[in-house]
Amino acid sequence: MKRITTLLSISSLLFIIVSCQTGDLSINPNAAGQTSLVNLSLFLNRLDNEIYNGGGVMDGYSNNQPEGPWNQVQRWNQYFVSNYSYYWGSNFYNWTNTATHYGMLRYAVLMEQQAKKQGAANPNQNAYLAVAKFYKAYSFIWMTQRVGDIPMTEAGNSNNLTPKFDKQHDVYKNALAILDTANTMIGNYNATASPLAVAGGIYGFSNVGWQKLINTYKLRVLISLSKRAD
């Protein structure tokens, strides 16, 4: 009886060891690896939601402020300016900090990388590259409007955790150049592609619609700077 018990114990131990060595511990098929090809429309869906919700909202960053239609800030701006005591009776300022739009920048960089990796016959005609550049410029301008000097030229590189800060003047200048590049790229793409070439996104823009958005946003930025900078 003792011998049988010993054999059973040894058999159980061997079974556990073999099971641990040959078990089906495959990599999660739903998680994209470094070499994976990801549908570009998935990045576009995320980025569209970032711009709709506001910086830091989707990632739960502290001090984020939702920017969707008729959120709290829009209500303040619409109804409270004329009778809100902050604007007419006080001389104090409550120092706080701001959320970031790093989530948008991160996904824009990833979409740009994926667009280049998946490729087109001519990368300059890839509409997703142009849209990625628009979102990069938007995130940089969003952040510099709130805090001034920010990392830009060295931002977005996961291997560089201490990117240098760029002057706000240079951030605007470089962001406007990025928007110009995006306009040229998607303009070249529009000349050869169908009107519905850019799939995905909650707004459902065609490539022509994206070009209109890029140029409209650039004009709004220039108007905002018209009395502040050359």
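These legends describe close-up views of a predicted model.

**Overview. Fold of the predicted model.** The protein has 8 helices and 2 strands. Along the sequence, these elements follow the pattern α-α-α-α-α-α-β-β-α-α. Of the 230 residues, 30% count as buried. Among contacts between residues at least 6 apart in sequence, 63% join residues at least 24 apart.

**View 1. Helix α6 against helix α8.** Helix α6 covers residues 127-147 and helix α8 covers residues 207-225. Their axes come within 11 Å and cross at roughly 25°. An angle under 35 degrees counts as roughly parallel, and α6 and α8 are therefore roughly parallel to each other. The crossing of α6 and α8 is left-handed. On the α6 side, the contact is made by Ala-130, Val-131, Phe-134, Tyr-135, Tyr-138 and Ile-141. These meet Trp-210, Leu-213, Ile-214, Tyr-217 and Val-221 in α8. By class, the residues of the contact of α6 with α8 are 11 nonpolar, no polar and no charged.

**View 2. Helix α5 against helix α6.** The axes of helix α5 (residues 102-118) and α6 come within 8 Å, crossing at roughly 160°. Angles over 145 degrees count as roughly antiparallel, and α5 and α6 are therefore roughly antiparallel to each other. α5 passes α6 in a left-handed crossing. From α5, the contact uses Tyr-102, Met-104, Leu-105, Ala-108, Met-111, Glu-112, Ala-115 and Lys-116. From α6, the residues in the contact include Tyr-128, Leu-129, Val-131, Ala-132, Lys-133, Tyr-135 and Lys-136. Also on the α6 side are Tyr-138, Ser-139, Phe-140 and Met-143. The contact of α5 with α6 has 14 nonpolar, 1 polar and 4 charged residues.

View 3. Glu-112 lies in helix α5. The relative accessible area of Glu-112 is 7%, and buried means under 20%, so Glu-112 is buried. Leaving aside residues up to four places away in sequence, Glu-112 touches Leu-129, Ala-132, Lys-133 and Lys-136.

**View 4. Ring pairs at Tyr-135.** The structure holds 8 aromatic pairs. One of them joins Phe-134 and Tyr-135, with 5.1 Å centre to centre and 65° between the planes. This pair is edge-to-face. Phe-134 counts as buried at 1% relative accessibility, and Tyr-135 counts as buried at 1% relative accessibility. The rings of Tyr-135 and Trp-210 have their centres 6.0 Å apart and their planes at 65°, so this pair is edge-to-face. Tyr-135 lies in helix α6 and Trp-210 in helix α8, so the pair ties together parts that are 75 residues apart in sequence. Trp-210 is buried, with a relative accessible area of 1%.

**View 5. The aromatic cluster.** Ring pairs link Phe-134, Tyr-135, Tyr-138, Tyr-203, Phe-205, Trp-210 and Tyr-217 into a cluster. Among these residues, Phe-134, Tyr-135 and Tyr-138 are on the α6 side of the contact with α8. Trp-210 and Tyr-217 are on the α8 side of that contact. Tyr-135 and Tyr-138 also take part in the contact of α6 with α5.

Definitions and conventions. Residues numbered from 1 in each chain as written. Predicted model: local features only at pLDDT ≥ 70, side-chain atom pairs only at ≥ 80, totals over all residues. Heavy atoms only, no water. Axes fitted to C-alpha atoms, helices over the stretch in contact; angles between N-to-C directions. Helix = DSSP H or I, 4+ residues; strand = E, 2+ residues; numbered from the N terminus. Parallel < 35°, antiparallel > 145°, perpendicular 65-115°, else oblique. Left-handed = near helix turned anticlockwise from the far one by under 90°. Contact = heavy atoms within 4.5 Å. Nonpolar A, V, L, I, M, F, W, Y, C, P; charged D, E, K, R; others polar. Buried < 20%, exposed > 50% of the residue type's maximum accessible area, 1.4 Å probe, protein only. Phe/Tyr/Trp six-rings, centres within 6.5 Å; stacked < 30°, edge-to-face > 60°.
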